[in-house]
Amino acid sequence: MPVSRNAVTRAAAHRARRLLPHGRTLPAEELGRRHRALLVLLWLHVLAVPLWATAVGQGVVHSLADGGAIALWAAAATAVGPRRRLAPVLVAMGLLTASAAIVHVAGGLIEAHFHYFVVIVLLTLYEDWTVFLLAAAYVVVHHGVGGALAPESVFNHPEAETHPWRWAAMHAAFIGAAGLSAIVAWRLNEDLRDQHTGLIEAKQAALERATAAERELARHARELERSNRELQDFASIASHDLSAPLVSVAGFLGLLEDRYAGRLDAEAEEYIAYAIGGTQRMQRLITDLLDYSRAGRAGVVEETVELAVVMRETLEALHATVEETDAQIVVDPLPAVPGDSRQLAQLMQNLVANAMKFTGDARPVVHVTAQAVEDGWEVSVTDTGIGVEPADAERIFEMFSRSAGDVAGTGIGLAICQRIVERHGGRIWVQPAAGGGSAFRFTLPDAGPAGVTPDGRDEADAPPHPAAA
């Protein structure tokens with residue numbers, strides 16, 4: 001279906017109106033501020049024009065009539081208020097009427113015509129092309145009609161008095177050029193303002209989303225902290241409440257075993273042995289649960305810890321196990337690190353005890369080493385035991401997780417180790433050791449110059465000190 005010429009014209013006019021500036025992108029506060037300033041200027045003309053006209057010899061009645069005409073526009077603009085459409089038109093008509101009165105009072109003096117240009121420049125504050133078009137039309141009509149009817153009141157130039165419409169067209173050309181420049185500047189200003197406003201709105205929306213996400217994250221963090229605290233309190237309370245009756249049961253079982261030894265049949269003695277063994281395993285489990293709870297709840301007491309001293313104390317605590325398993329433990333020079341000595345002692349004791357436990361029928365050989373890495377140390381506890389399957393390398397650090405093999409334990413020791421290491425800002429992992437077995441490695445921050453042993457000697461000069469049964 002062909003499009004009519006009128007429809008094309010209307011569409012083009014609509015696009016043109018959309019391209020022309022209309023002041024609607026001005027914030028309401030800014031538009032109101034500009035309008036109030038121009039309205040004050042208009043009221044000043046209501047007073048100034050009659051006073052000046054009277055001073056240059058114009059009659060009082062004529063002077064008051066000029067002032068009254070300007071005052072009508074000013075009163076109407078004041079009554080309407082800073083509305084976007086009507087108020088700028090009323091202010092523009094008032095200021096243009098003031099310009100016409102000044103030209104007439106000056107007897108068409110050419111310098112008086114500059115008041116029109118000043119007024120038109122001031123009206124650009126509205127950034128509305130319709131107001132500017134009204135001003136240009138007013139100047140053309142005033143110069144043409146006024147110059148034709150009473151040329152001496154509009155122009156004081158012979159050529160202008162002879163050809164008033166030609167001079168009106170010349171003024172219109174100047175105003176048109178200024179108007180075109182103003183329209184281009186306004187249009188660019190509106191585009192830039194729209195882009196700037198869009199960027200500000202997008203930034204504000206992103207900031208609001210980030211703030212909301214931060215609040216949600218903080219809420220989840222508080223809930224997680226509360227949940228962890230409740231779980232830790234529950235583990236501590238439950239372990240304490242379980243240990244009291246268990247101690248009582250274990251005590252009575254011990255008395256039963258001692259008092260009735262040899263007086264019961266073999267089956268009854270076997271049942272008592274099973275019960276005593278169960279209470280001992282339960283006590284170990286409760287102790288490990290308490291250790292795990294403390295490792296997560298207690299803060300790290302920051303101090304400089306000599307790992308060599310920690311290892312000596314660990315070997316003393318494990319002396320019975322070392323003798324029982326005929327283990328050979330070799331400890332290389334170890335550094336000083338910042339941390340909690342009690343927690344690090346528990347960490348080393350758990351790892352060394354595990355290394356002696358999971359060895360099968362072979363004699364345990366445990367090697368403890370340390371090497372400097374970026375921002376700290378990497379400590380390794382290597383054994384020659386049964387090893388850890390790659391599929392279990394992460395699972396064994398979970399609660400109640402056990403490695404393969406029929407070895408006694410609660411499955412909490414490595415979970416405690418992981419919690420201690422993480423609270424010291426490091427990480428722990430396991431790798432297959434060269435020649436069989438496993439190498440448990442963990443990182444700790446540095447406490448001072450690398451390569452110095454507790455006695456002040458360089459590591460290269462400090463011999464390893466094996467401890468064997």
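This is a predicted model: local features need pLDDT of at least 70, side-chain atom pairs count only at pLDDT 80 or more; totals for chains, interfaces and linings use all residues.
Residues are numbered from 1 along each chain as its sequence is written, and side-chain values use heavy atoms, with hydrogens and water left out.

**The patch**

I found Leu 149 in helix H6, and I note that helices (H or I, at least four residues) and strands (E, at least two) are DSSP runs numbered from the N terminus. Together with Val 141, Val 145 and Trp 165, Leu 149 forms a nonpolar patch on the surface, with about 420 Å² of accessible area for the four together. Helix H6, residues 129–149, gives the most to this patch, with 3 residues. Patch residues have over 30% relative accessible area and no salt bridge, and nonpolar side chains (Val, Leu, Ile, Met, Phe, Trp, Tyr) are joined within 5 Å, like charges within 9 Å; a salt bridge is a side-chain nitrogen of Lys or Arg within 4 Å of a carboxyl oxygen of Asp or Glu. Accessible areas come from the Shrake-Rupley method with a 1.4 Å probe, and for residues only the protein chains shown count as cover.

**A buried serine**

Leaving out residues up to four places away in sequence, Ser 99 touches His 115, Tyr 116 and Val 119, a contact being heavy atoms within 4.5 Å.

**Rings**

I found 1 aromatic pair in the structure. Phe 397 and Phe 440 form this pair edge-to-face, at 6.2 Å centre to centre and 75 degrees between the planes; rings of Phe, Tyr and Trp (its six-membered ring) pair if their centres lie within 6.5 Å, and planes under 30 degrees apart count as stacked, over 60 as edge-to-face and the rest as tilted. The pair links distant parts of the chain, 43 residues apart, with Phe 397 in the loop between strand E5 (376–382) and helix H13 (413–423) and Phe 440 in strand E7 (residues 438–445). Both Phe 397 and Phe 440 are buried.

Notes
Buried means under 20% relative accessible area, exposed over 50%, partly exposed in between (1.4 Å probe, protein chains only).
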